[in-house]
Amino acid sequence: MLRIISLVVMLLLLAIPIFGWWAAQSALPVLDGLIPISDLYRNVVIKFDERGVPSIEAASENDAYFVQGYITAAQRLFQMDILRRTACGELSEVFGSNCLPHDRLMRTIGINRLAIQSEKKLSREVKDSLTAYSRGVNTYIEQNQGRLSIPFTLLGYKPRVWQNADSLAILKYTEYKADESWQLDDLRQRILDKVGPKIAPQLFGASIAPLRTSYIDSVNGEGTEVTAWSRLSAGISKNFVNAANIPSSPLIGSNAWVVSGSMSESNSAIVACDKHSLFTYPDFYYLCSITSPKLHMAGATIAGVPGIYLGRNDNLCWAQTAFKVDGQDLVLEKFSPQFANRYKTAAGWSATQQLTEDIKVRFANTLVHKIVLTKDGPILSKSEENGVALAWASALEKTPVYESLWRINRAKTAKELMSILTNYSGSPESFVYAEKGGESGFHVAGCIPLHPGETGAAAPAFGSFGTVPAAGWDESLHWPSRLAYQQLPHSEANQTFAVADPPFTLGNSAPYRYNRISSLLSGVKQKGQKVGLPDMAFLQSDQTVPLAELVKHEVAKALSANSVIDKFTVTGQTALEKWDGIAKGDSIGASIYESFLQTMMRRILEPRLGLADTLEYMDKYACWTVLAENVLRTQPASLLPSEERSYQTFIATTFAESIKNVRLGAHSDDSARWSWQSLHTVSFRDEFLANAPLYKVVLSSVFGVPTAGVGGDANTVDACNVIAEPDPWMFSSNTGPTERLLIDMADSDKFYANLSLGQSEHLLSVYRTDQFRNWLRVEPSVVAFSAAEADKQMQHKLILANR
């Protein structure tokens, strides 16, 4: 009997990997040959290059969109399904109760409801393109039942029918993540409550007008004021944030710039863009080229969204980056203790709107989720008499974002693009553009609310207007209007250059990357030199840090006044002095610099905020390095740690501690092992493994994607952030340039784009991680735009034939 059992176990151990290999092999999409499809007007040809980038040649626009949906689903269907579930709050149906906090948040905010409203507003021709794309996705699903991507098999479920609202929900969720400033508002108020109105402005760089008196909810046993906000914030964290298994949105923004023909070697404008997002497997973006009789465009799109998100057509190229401003406010609502579901407004007591939605939960009962809406927005947290609502400017869009993107894809001139952007009402974006043989520049578009006292020209008082929660019953604190399109930052580059995301009084971005790009391009202009695509690629790879000389000077001054220095501190100082200020992967000085800034900020913040809020501050407040610079330059007595006598001793002891952290992170006392890339590693989040912990334990070695050490930091042009983690010797990165784009309008085939990993999600696909090496080296790869280039690069040819 024991032999029989052993034999069965051995056979199972052999069968499981064989079945897994067979299933993964069966799921690979067809790349050559002919596939009959009844829904096409005429045959469509798809040519794949050596990276699996498709060039779609169709006889009609609807066929082109249909095939884009079909081909994207073939390579990314599981990702598309997870993205729409993430947006609509449906992850728990697949992964169980672990995802409930996120699902409740999405249902409360109502991404699904906003998507349905957007679809109703679409013009007929735009909706037709969306419908064609959905039909393409569904045709692929129908044709490939039983041989879909491996995660579907392992999780034991099938994707539901793709709907137009799914694509719109993904697009709206992308806006939400780029605009997720409400969590920073919550953090500001919590820090204000902890440190008071004298210290808080120093941490956030503005004056402050706190919530007080009428908001006081109770007094604790020691007599310290506890505001209503402290309880409501705790409710938000408990219900949505802390327990959710979804990373917060990246706050470091992206880079984009355009150089005019007068400054370029080709005498035509050059556009460069690198989109920063969370490192995920598969990549968030998908490369594609589309041709039909009246439409020709190529570039990067979002998996699940038709058209081209950033790229070019025959006459115009465009790219956009998130413009980091406060487009979301938290509003304190006061509820009636006598009458249920009534809240206070400036005009009196109003009734809330009540909704219920069913959230399906795997291995558990369906959850009936209750949603309360006020005129300010959905309620995120509620106590008996108080609540907090989320006011999101982009939730009030007049023109659907997809409508604008569809029209941008067809724009022929810069003037036409500007007309489209006038009506763009999504989350704020900086659009960089170049017309073939014509105008170039950038213009911010989108909904930026004006809070009372703001003009867009001068910084408002921090704390009264949007940067911390406001009282919903006080009409003076509500948005009176939005910035007009003409008031938004913009610049033409017809004789020089233009860089997106300039410093803006209402913005939340650190200025360092903008300043670096502008400085280098200004230097080129002053010297009368011209630039080409190789120069733009080199600029995309720039890893020069902004505060190197300041840190070197202050550390040297502090250590020279300190008579007690150990051998590791001496070694560290020597390495720092020799460092060129570039955070290259093999740099030792970069490790010391980064560790010093992180250690200094922790020593200043942790005694005042505690560890958890310190880490959240450094993770969510993109300008914390600006505070670090101000501390080193002005050395305010109010921020000096209590255990230190002077800033010289503080800097000296901080430097010694930072060297200790480098040694711990490198697991070595040998300075030769202290390279930045040995500490600063990038890893890619796999939504399947992240949400299925059992499979993560068993299959992480099989599904795992490459990890590697990288250079740069959040403030370099080649920006890979540093996650603030509990252990101060950890410097990993989860956000960076996941898509890079270079376009020279002089030649349709001077078109380059790279992803961080690859085009495919399939386990055995050669296109799964094939772009990773070039991404690490910042080596551009050609995207076929012309028919001749598509033929030249073609490695596979697939025909979808009308039958």
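## Aromatic clusters and pairs

Phe 78, Phe 152, Tyr 157 and Phe 688 come together as one aromatic cluster. This is a predicted model, so local features need pLDDT of at least 70 and side-chain atom pairs count only at pLDDT 80 or more, while totals for chains, interfaces and linings use all residues. Residues are numbered from 1 along each chain as its sequence is written, and side-chain values use heavy atoms, with hydrogens and water left out.

(Rings of Phe, Tyr and Trp, the last by its six-membered ring, pair if their centres lie within 6.5 Å; planes under 30 degrees apart are stacked, over 60 edge-to-face, and the rest tilted.) Both partners are buried, Phe 335 at 4% relative accessibility and Tyr 343 at 3%. (Buried means under 20% relative accessible area, exposed over 50%, and partly exposed in between, using a 1.4 Å probe and protein chains only.)

## Charges over rings

Phe 335 turns up again here, with Lys 382 lying over its face at 4.5 Å from the ring centre. Over at Trp 406, the charged end of Arg 410 sits 3.6 Å from the centre of the ring. (For a charge to sit over a ring, NZ of Lys or CZ of Arg has to be within 6 Å of the ring centre and within 35 degrees of the ring normal.)

## Salt bridges

There are 35 salt bridges in the structure, each one a side-chain nitrogen of Lys or Arg within 4 Å of a carboxyl oxygen of Asp or Glu. Take Asp 166 and Arg 84, with N to O at 2.8 Å. Asp 166 belongs to helix H8 (residues 164-178) and Arg 84 to helix H2 (residues 61-88), so this bridge ties together parts 82 residues apart in sequence. (Helices, H or I of at least four residues, and strands, E of at least two, are DSSP runs numbered from the N terminus.) Asp 166 is buried at 3%, and Arg 84 is buried at 1%.

Then there's Glu 549 with Lys 552, at 3.6 Å from N to O. They sit three residues apart in helix H15 (residues 548-560), or about one helical turn. Glu 549 is exposed at 56%, whereas Lys 552 is buried at 14%. Elsewhere, bridges with shared partners link Asp 81, Arg 84, Arg 85, Glu 90, Glu 93, Arg 160 and Asp 166 into one network.
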